[in-house]
Amino acid sequence: MHIYALALEKGGVGKTCLAVNFAAAFSRLNLRVLLIDLDAQAHASQWLGCDAEQLRPEDSIIGVINGRKVTECIRPTEEGVALIPAHAAMASLPIQLASSPNSGIFSLQDALDQIRQPAPHYDIVVLDLAPARGPVLATALAAATRCIAPVQSENLVLRALRALIDSVAQARRINPHLRGVSIIRNRYAPRSAGDMIYDHTLRQFYSEQLMRTIIPIRASLRDSAGLQQSVFRYTGSDAGEVRNLFLDLVEELISLDGGA
Ligand SMILES: Nc1ncnc2c1ncn2[C@@H]1O[C@H](COP(=O)(O)OP(=O)(O)OP(=O)(O)O)[C@@H](O)[C@H]1O
Ligand SMILES: [Mg+2]
């Protein structure tokens with residue numbers, strides 16, 4: 001079971017967009033996919049058609065941390081992706097984790113063990129994270145097998161990337177299954193001389209972690225969210241191109257990690 005954590009402290013870089021469309025792409029390849037929305041904003045849950053306002057806090061990961069069975073919190077979506085949705089009450093998750101044994105660091109890993117044994121219920125688990133460093137990120141990295149960071153060629157984004165790489169290095173001390181960070185250039189359009197410097201930095205210092213496939217700015221990735229569809233269901237004019245890019249990204253991940 002591969003566990004991909006979509007993370008970066010900088011907001012709006014495309015974590016949720018990639019999480020949803022990755023999950024849908026894996027599902028199109030007939031892999032069994034679970035997305036866990038770890039962001040109280042609940043954008044991934046909404047994108048997958050789940051109305052977070054109709055939920056109770058215990059339907060989210062809060063329920064699992066308080067002892068509910070993981071399978072009781074999982075619901076199906078139109079994308080064929082299983083979902084543990086988020087709830088606004090997750091805003092207090094950092095405090096709840098901090099007061100749990102070992103600062104709750106192993107709570108997600110323990111929860112995922114429930115769906116890993118005796119045989120994995122899913123091939124792929126996708127974790128969508130909030131733009132923050134802190135206990136929720138630490139808990140996710142303690143469970144993940146790979147961290148995925150969407151980036152643009154901007155100073156603040158590259159600073160956030162350095163911070164994330166530090167967090168992953170720390171997490172690897174307690175999680176030997178965490179293989180590192182893969183960087184995806186999303187909404188990628190370096191234009192100014194300044195952008196080109198950061199683009200060069202990215203290619204020079206992170207070449208081993210950079211994924212080959214680049215996701216440009218595309219209307220279908222902006223507009224499909226409002227219709228609660230992944231690009232695999234959305235029928236806008238550039239959706240076909242974007243679908244192929246996500247399938248390329250998924251193939252890259254499969255060649256790094258294997259399929260299931
Ligand atoms: N390649 C793209 N082309 C066009 N729009 C995009 C692209 N990637 C993301 N978007 C849009 O940009 C906005 C921000 O993306 P998203 O919500 O995925 O970022 P995020 O990193 O999850 O943000 P946050 O840090 O707040 O959780 C969304 O409206 C999304 O649909
Ligand atoms: Mg998000």
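Which residues are the closest to ligand 1? They are Gly-11, Lys-15, Thr-16, Cys-17 and Pro-131, out of 19 residues that surround ligand 1; to be counted, a residue needs its C-beta atom, placed from the backbone, within 6 Å of the ligand. This is a predicted model, where local features need pLDDT of at least 70 and side-chain atom pairs count only at pLDDT 80 or more, while totals for chains, interfaces and linings use all residues. Residues are numbered from 1 along each chain as its sequence is written, and chains are lettered from A and ligands numbered from 1 in the order in which they are written.

Let us stay with the ligand for a moment. Its shell divides into 8 nonpolar, 6 polar and 5 charged residues. Here Ala, Val, Leu, Ile, Met, Phe, Trp, Tyr, Cys and Pro count as nonpolar, Asp, Glu, Lys and Arg as charged, and the others, Gly among them, as polar. Helices H1 and H10 (219–226) each supply at least two residues of this shell; helices are DSSP runs of H or I with at least four residues, strands are E runs of at least two, and both are numbered from the N terminus.

Now follow H1 to its partner. H1 (residues 15–28) packs with H11 (residues 239–257) at an angle of about 75°, their axes 9 Å apart. That makes the two helices roughly perpendicular, a term for angles of 65 to 115 degrees. In H1, Asn-21, Phe-22, Ala-25 and Phe-26 meet Phe-246, Leu-247, Leu-249 and Val-250 of H11, where a contact means C-beta atoms, placed from the backbone, within 7 Å. By class, 7 of the residues in this contact are nonpolar, 1 is polar and none is charged.

Finally, look at two loops. Ala-42 sits between strand S2 (33–37) and helix H2 (43–47), and its phi is near 60°, a positive value in a residue other than glycine. Ala-42 counts as buried because it has 22 C-beta neighbours inside 10 Å, and the cut-off for buried is 20 or more, with 12 or fewer for exposed and partly exposed in between. Pro-118 lies in the loop between helix H6 (107–114) and strand S4 (124–128), and a cis peptide bond joins Gln-117 to Pro-118, with omega about 0°.

Technical notes. Axes are lines fitted to C-alpha atoms, for helices over the stretch in contact, and angles run from 0 to 180 degrees between N-to-C directions. Angles under 35 degrees count as roughly parallel, over 145 as roughly antiparallel, 65 to 115 as roughly perpendicular and the rest as oblique. Two residues are in contact if their C-beta atoms, placed from the backbone, lie within 7 Å.
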